[in-house]
Structure formats: C-alpha cells, structure tokens
Amino acid sequence: MPIVERLLLGPGPSNPYPEATEALGRPLLGHLDPEFLRILDETCDRLRSVWQTANPLTLPVSGTGSAGMEAAFVNLVGPGDVVVIGVNGLFGERMCDVAARCGAEVVRAEAPWGQPLEPAAVLAAHPSPKLIALVHAETSTGVRNDVEAVAAGKGDALVLADCVTSLGGIPVDIDGWGVDVAYSGTQKCIGVAPGLAPFTMSPRAFERRVPKPQSWYLDLGMIGDYTSSTTRKYHHTAPVAMVASLHAGLGAVLEEGLDAVWARHEANGRALQDGLEKLGLELWAAAGHRLPELTTVKIPDGADDVTVRRALLEDYGIEIGAGAGAFAGKVWRIGCMGHNARPQTVTLLLAALAEVLGR
Ligand SMILES: *Cc1c(COP(=O)(O)O)cnc(C)c1O
C-alpha cells in the first residue's frame, strides 16, 4: 500500500500527537506483563486527570467511541427503564437507537440540528427518568450542548454525557458538574488513533447498574475487576498497542496542561471560524454555541461539495468532512482538534480553500 500523508480535518481521525504515534511502533508487551499492567494503571490515572474525576471506575473500553456509548447504556438501562435523550444531531439519534435496543422507554427532548438543546426542556421532558443522556459536542453539527446545566438539575436521575468530541478539546469536569457516566473516543481531541473509548462512571451510577447486562464483553462489573489493580482478573485481552498509544497521548495532553490544551483549541478554532467568515462563508452552528474543535460551514452557492473536497484532498492532501444526515451536500465539517489545533493547520486550510473556491 502506498504511504499517503494527509492532514486530516474531518470529524473522524485527527492526526495523532507524535508521542502517541511513536508508542504504536514499540515492541509489544504481553497483556498480563507487569510492565503493561503498570502502563494500564497509569493510563487509568491519566484518564482520571483528564476527566477531572475521582471515579474508581475510569478506564479505556476496548472499542471506538460507540463501544463507550454501548457500555454506558447496556450497563445502566434495562427493559422499561425511562431514558430522556437530548437529540439535536446524529449522535443523539444513535443514543436513542442504542437505548431502545436495551428495551428502554426513550423520551426524546429535541432541538433542530445546528441549534443547542434547551437544558430546561431536557429536564422537563419526564418527571422521573432513570437516566438523562446528551451529547456534549455534537460532531454532526458543531454545536455544544450545556451538560453542566442539565447535570445541575438532574435530581434523582443519572446523567450521561457523550464527550467523544469534547474530552481533551474543551473543558469537561465530571465531578465538578456531577456527571454520572461519560465516554469519549481516542481519535478526536485526545489525538490518538481510533480504537479505545475513555470511560468513567460514578459510584452512584455503578450501584444502579442492571443486574446482568445483555453484553458479556461490555459488562463493566467484569471489566472493572480486570482494570483495577486490587481485583485484577483476566476478562479479555487488552489491545496493548492502543493502550500504550493512549498512555502516551494522554501524557502529551497532561504535560501541556489541560488549561493550555483548551486555550489552544479555543484560539485556533476561533481563528479558523473568523477566517472562513472573511472568505465570505457562512457558519452554520448557532452563534454562542459553536465548538472550536469542529466547525460547520455552509457550502456556498456555485461550489460543488464533492469537487471541492476532492481538490482539497488530491491537490493539498487535506481531508475535510462532508455534511452528516440531511445536511450532506449542504455543509462541510472541519475539525481542528488534538494535534491539528495549531496555527499552521488553520493557515494552510484557509489558503487552500480560498484557492479552490477562487476567493
Ligand atoms: C465520533 C463520535 C461518536 C462515535 O465514535 P466512533 O469512534 O466513531 O465509534 C460518538 N459520539 C460523538 C459525539 C462522536 O463525535
């Protein structure tokens, strides 16, 4: 296979931090090797720092972000449980599908794509749900939903936040906000190859798990016994190379510092958005709720979606994302996350886009 270097600015994999890539090339350790277990334990500690939580059950679930979503729902939701789900994009829809497969009674609290959820409406959707779930950073629209406000009003319910495109990019404060369960993915702002789902669950949620989750593989009782150094017992073979890579990627994030990482995403994402507007393009996500790490922009009249994206890819080696769902062909989604959230990336993309669009 030819080696092709691309600048990945889609909503999919970002370019990994160099440390994370380097770790993938190291000799493999056995999954029960003491040195690997030390790396695993330290990875869980680093995840606690990045999630800003003391939750003992904090670990990388084997699988991509969607495996984190499945793990959250299959462990907490059984037949007849009422689950309120905020839906204003593709990933809110996916949560509804996953929850329904667990037999949940799904109550949707909706907002139009491109607009944020109204926290009061999410909280008012049902008087006594077991779980309230929402997506923090809707990658399909570029909108940030207010997880903190929803968690503040949760009452007896548990709150679940999809942080796949927020962790490592914008502030996420699990314990400070009172979020009970959250998952992420390695390939978005964390800047590691796809393959693991950083995960955390509060003791309060852990006590309210369903007695026997329908998934053996994602049973957090057994996975927690494996990842905890005090109860360690084989469950499944950890993807050792991916764990080593996540360990290194989280190390890079923590060494830079969470505040600095968030500030870098904010500054470069806003520079990208300002630059797009200077090119005469129109941003799509509601002002005041735009994610710095994922920008949606309307495809201008006269520009052909496929032609423009192909020119960026073939002439400049830059991949941007197509619109999702009903907005395919109407918007582009441009990631500026993880290692890519840097001035040189923004400048290169804006110049290439200006050239391709003839602006
Ligand atoms: C990417 C993404 C997912 C799914 O993650 P995969 O790694 O593709 O399984 C879920 N939620 C959000 C918000 C995402 O951006």
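Colleague: What share of the contacts in the protein with a separation of 6 or more comes from residues 24 or more positions apart?
Modeller: The model is predicted. Contact here means heavy atoms within 4.5 Å. Among contacts with a separation of 6 or more, the share from residues 24 or more positions apart is 71%.

Colleague: What radius of gyration does the protein have, and which value would a compact globule have?
Modeller: The chain has 359 residues, so a compact globule would have a radius of gyration near 21 Å. The C-alpha trace spans about 60 × 50 × 35 Å along its principal axes. The protein's own value agrees with that of the globule: 20 Å.

Colleague: What percentage of the residues is buried?
Modeller: Buried stands for under 20% relative accessible area. The protein exposes about 14300 Å², with 55% of this supplied by carbon and sulfur atoms. Of the 359 residues, the buried part is 57%.

Colleague: Is Cys 96 buried or exposed?
Modeller: Cys 96 lies in helix H4, residues 90–101. Its relative accessible area is 7%. The cut-off for buried is under 20%, so Cys 96 is buried.

Colleague: Which residues is Cys 96 in contact with, leaving aside neighbours within four places in sequence?
Modeller: Lys 233 is 137 residues from Cys 96 in sequence and 33 Å from it in space, C-alpha to C-alpha. A contact needs heavy atoms within 4.5 Å. With neighbours within four places left aside, the contacts of Cys 96 are Ile 85, Val 87, Val 106 and Arg 108.

Colleague: How far apart are the mean positions of the positive and negative charges?
Modeller: The protein has 29 positive and 41 negative charges. The distance between their mean positions is 2 Å.

Conventions. Residues numbered from 1 in each chain as written. Predicted model: local features only at pLDDT ≥ 70, side-chain atom pairs only at ≥ 80, totals over all residues. Heavy atoms only, no water. Rg over C-alpha atoms; globule rule 2.2 N^0.38 Å. Buried < 20%, exposed > 50% of the residue type's maximum accessible area, 1.4 Å probe, protein only. Areas by Shrake-Rupley, 256 points an atom, 1.4 Å probe, with all protein chains shown as cover. Lys, Arg positive; Asp, Glu negative; His and termini not counted. Charge placed at Lys NZ, Arg CZ, Asp CG, Glu CD. Helix = DSSP H or I, 4+ residues; strand = E, 2+ residues; numbered from the N terminus.
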